[in-house]
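Hi,

Here is the model I promised to pass on. Have a look at it, and then read on for my notes on what turned up.

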Amino acid sequence: DGSGGALGFNEPFEANVFNGLVGRGGSGGGAIEIIAENDIVLGPNSLISCDGSSGFNSRLGAGGGGSGGSILLSAGGVIRNMGVISVMGGSGGYASRSYGTEDTARHGGGGSGGRAAMYGESIFTSSSFSMNNSGGLCSPSKNRTDVRNCYGRFGSFYKEERLRPTFFLDRRKGAHNTSGSLCLINPNRTTTELYSREKFDHTFHIQNGPEYHFGGNVRPGRISFFVLLGTDQYEDITRDGTRNILRGAALELRQKNWAETIENEAFDSVLIGLLIGDGIKHAANYNGSLRDADHGRYFKPTNQNAIPGTWHNIDLRLDWNNKTYDLSIDGVRAVSQHPFEGDSIQSVMISNLNLDQPIWFDEIFVGSDATMNFSCPYVHSENIKMKRPMQTGWTSEDIGDKSETHNMQRHNSHISNRQVYFHDDNGGLVPYDGEGHRSYTSEIKFRYPDGDHRDTGGLFGAGSTLDLHSPGEWDVDNPIKNRYPHSRIGKYVWYGEHENFKMERDGYANDKFNPGGIASCSTNDFITWKNEGIMMNYVNVTDMVRGSLGPFKLERPKVLFNELTKRYIMWMTINNESGDLGMAGVAVSNFANGPFDFIRSFYPDGNQTRDQTVFQDSDGNAFLVRTYYATVEYILPSPIMQPMWESVKNDDGTTNYPLNYHRAHYEPGYDDYHDIYLQRWRTESKPWKVTCVNVITKVEREVLYGKEYLNFEGEVCNDPFEQKIVHGQGSPLQENSQNGIQSRFLDPSDQMNSIWKPSSVPGVKAQPWSANYKDGTCGMRKMNNDMHEYDPNLPDRELEHRLDCSNIADNPIHPTLPDKLIGPNRIVEKRRAKYVSVSRLTEDFLDTSGILHSFEGEMEDEKDLVNLLNNIGLDFGWDSGKSIKSTLHAPKQNPNFQQEDDWDTRFHQYIKSFNDRALYSMAFVLGGKCSI
């Protein structure tokens with residue numbers, strides 16, 4: 001705690017000679033103890049002081065200075081001290097006079113310095129740190145030849161740490177603009193004895209950096225971190241005296257922790273070690289500490305060098321099944337399938353192997369490999385090799401069926417059904433000979449069992465390459481182009497779909513959250529490729545049209561840079577497991593190397609898409625060019641069969657010639673009820689029948705026709721004894737009078753005359769002749785025209801012609817016309833073809849504008865559109881035009897053929913009830929009076 005200074009007198013009683021206590025010694029510095037579970041940080045302006053007090057002045061003898069106190073700092077983590085720790089001793093008092101003389105040796109002596117100690121995992125003291133543990137001063141004696149040794153002695157400063165380097169969170173530096181990084185620095189402990197209790201010894205067994213224990217055996221699939229070397233790392237980096245020393249930064253995956261390694265030197269404690277110094281090296285299965293001189297023989301160099309002052313990304317992927325690892329440096333594969341031996345690790349340790357130069361680590365990741373096992377192209381002498389998913393295209397369902405024809409039909413009629421036309425050989429005709437009309441035409445020239453091309457493994461060329469050449473000098477720090485301003489990406493960026501190939505191994509993320517994604521690589525020379533990672537995961541995609549749940553997969557990504565929004569726009573196709581989705585997707589990013597944010601999914605211009613790409617013209621306009629299949633429908637009105645003329649029939653099927661003629665031409669003689677009025681008067685309209693009645697006995701006898709039946713007087717009856725009654729005088733000798741002379745009048749009320757109705761085609765809806773006879777003003781009348789059969793005015797009557805005022809001639813002779821295309825519109829043929837659409841994009845490149853041009857076309861040799869643009873480019877001359885159009889093809893119809901309003905009633909003689917069409921006659925419409 002610091003002792004008080006001595007009293008400034010020779011004898012104790014002298015303290016009471018004067019009033020009050022004089023010449024008293026200074027107080028001790030006291031004690032301060034600070035203990036932290038984690039870290040202790042003392043800033044640049046901080047001060048922790050336990051200084052001793054100065055002794056009091058006196059005339060006879062001054063007091064001595066108090067000694068410095070004690071300060072203890074103990075942290076479970078790091079102590080970072082940038083301030084001042086002071087345990088100085090107090091100065092001695094001044095004796096102004098001693099027995100009347102000014103030359104005195106009775107000044108107070110200085111107090112000694114105190115004690116300071118720091119304990120922690122790592123202790124860092126910056127250049128601003130100051131440790132004050134000096135002793136106190138004392139006044140010099142005058143006129144003395146001897147040297148008076150009255151200064152206080154230095155105190156002690158002790159620090160103890162488990163790790164050789166000091167480490168702390170440096171807020172000034174961070175990989176790719178992160179908020180900070182872990183800094184490891186080895187202070188030069190040989191500069192002053194006050195700062196260390198041991199000389200720096202390369203073989204001294206102390207840890208070179210912090211170690212993280214996993215609490216058991218683990219099998220991570222990926223270890224990734226960023227490392228930054230100081231700018232003067234390479235001065236005398238390979239030699240220290242006569243010993244070869246490993247220098248630089250290191251990361252080790254340890255099968256046993258460091259302490260166990262020291263106890264058992266024979267065990268291969270390190271599974272894999274990485275060294276970043278004068279080169280980037282790797283080693284597997286070695287033991288001990290990297291400070292050992294012989295460890296350099298384990299490490300093998302890569303073809304990559306570390307650049308001081310530059311952040312480097314180190315990515316290690318482990319295959320525990322095959323016991324191999326891959327190493328990538330700044331995204332470029334440096335080591336492939338290097339073997340190792342071991343089943344697990346227990347800890348990971350980072351080290352700074354330099355003497356006094358700092359090293360920074362950032363974004364250290366140890367865990368499952370969620371990179372989906374994506375690797376960039378490997379270039380050898382023959383071609384580019386790359387593991388790519390199956391390249392799919394349009395399915396066989398999209399292409400559609402092959403061409404088909406309508407079923408052939410044969411229309412029968414009353415003529416074809418006549419016996420005379422039935423022949424065993426069909427009259428020399430072959431039924432259904434030839435080919436029917438085409439119902440479906442497929443113009444698809446290239447089709448395979450899988451679709452428009454055979455399913456094959458995707459090639460490197462199936463992806464797309466973005467040229468990042470700027471108009472002027474290439475700017476590696478352009479934040480618009482690169483999300484890592486301090487990490488150079490290639491001038492060309494390749495994008496392609498990647499599927500997480502099914503593999504079961506420890507440490508590898510192969511679940512529903514990592515099905516695949518759009519991956520990217522960059523290059524300057526198309527030989528060395530940098531892995532830019534997954535630009536967008538499949539799980540981030542949604543179906544915004546139908547709301548299906550997926551899972552989804554993406555294909556054919558293509559990226560353009562939009563000068564207006566300063567963003568990168570990615571177009572791609574979206575499909576599901578069944579392959580029937582066929583949507584387009586759009587994603588955006590501020591950087592060429594992602595990540596990309598999914599914006600939307602939709603059907604561009606309204607229909608499905610699979611084979612598509614985007615390009616820009618010299619003016620910066622962007623276009624979506626894609627293929628699609630469409631079926632064009634050809635429309636015609638349905639054919640309506642025109643009636644065939646047929647003769648009027650009796651109920652037994654024989655032709656009724658009088659009625660046939662009358663209903664075809666209207667013969668007034670057939671429409672005269674009184675045409676045989678004379679014959680009626682003479683009873684010639686009845687068969688011959690004459691009877692003689694005895695006037696007395698009333699006995700009747702019938703007299704047959706013939707002269708031989710007359711009496712001697714040539715009379716029929718014997719007059720006056722008999723009365724002659726004439727029942728009918730139709731001559732039985734004449735055919736037309738045997739049954740009496742018949743009237744030619746065809747009575748429409750006679751049901752036998754209305755048995756037959758036209759029915760030649762389905763479109764005819766006929767009513768009986770009796771109903772047709774009533775249609776019109778002259779059809780509604782008494783058949784005898786209100787004249788009795790014995791009307792004396794019958795000889796003077798006028799015959800009426802009722803053709804124009806009635807529908808008596810309801811079966812006029814007419815030619816058989818071809819079917820008329822007047823019925824409901826119907827699809828007579830479908831034609832399916834493959835089209836190419838060039839659609840101009842909106843200014844932000846996120847949608848199609850509706851301005852497009854489409855035409856028929858197919859790629860040969862199972863190629864996709866990207867092959868055409870890659871080989872020919874914009875010289876192919878494709879353009880969207882300036883008109884708003886649609887890729888939804890409207891049905892085509894000949895304007896010369898249209899559906900008629902009366903297509904279904906044109907041959908109907910009534911609607912619901914007989915004669916009800918008279919309500920629609922002009923006479924009724926204009927006069928309001930029914931015409932019948």
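Among the things covering the buried residues of H3 is helix H5 (769-774). Before going further: this is a predicted model, where local features need pLDDT of at least 70 and side-chain atom pairs count only at pLDDT 80 or more, while totals for chains, interfaces and linings use all residues. Residues are numbered from 1 along each chain as its sequence is written, and side-chain values use heavy atoms, leaving out hydrogens and water.

Back to H3, which spans residues 657-665 and has Leu-659, Asn-660, His-662, Arg-663 and Ala-664 as its buried residues. (Buried is under 20% relative accessible area, exposed is over 50% and partly exposed is in between, with a 1.4 Å probe and protein chains only; helices, H or I, are DSSP runs of at least four residues and strands, E, of at least two, numbered from the N terminus.) Asn-656 caps the N-terminal end, with a side-chain oxygen 3.2 Å from the backbone nitrogen of Leu-659. Just past the helix, Tyr-666 has a positive phi of about 55 degrees.

Now the disulfides (cysteine sulfur pairs within 2.5 Å): the whole structure has three.

- Cys-138 to Cys-150, S to S 1.5 Å, is right-handed, at 70 degrees about the S-S bond. Both cysteines sit in the loop between strand E9 (130-132) and strand E10 (156-161), so the link ties together parts twelve residues apart in sequence.
- Cys-376 to Cys-521, S to S 2.1 Å, is left-handed at -105 degrees. It links distant parts of the chain, 145 residues apart, with Cys-521 in strand E34 (residues 516-523). Both cysteines are buried.
- Cys-692 to Cys-717, S to S 1.7 Å, is left-handed at -90 degrees. Here Cys-692 is in strand E42 and Cys-717 in the loop between strand E43 (700-703) and E44, 25 residues apart. Cys-692 is buried at 0% relative accessibility, and Cys-717 is buried at 8%.

Strand E42 (residues 689-694) also holds Asn-694, which is partly exposed at 22%. Beyond its neighbours within four places in sequence, Asn-694 is in contact (heavy atoms within 4.5 Å) with Val-699, Phe-721 and Glu-722. A polar atom of the Asn-694 side chain lies 2.7 Å from the backbone nitrogen of Ile-696.

Cheers

Key: A polar contact is a pair of N or O atoms within 3.5 Å; within protein, one must be able to donate a hydrogen and the other to accept it, and residues adjacent in sequence count only if both atoms are side-chain atoms.
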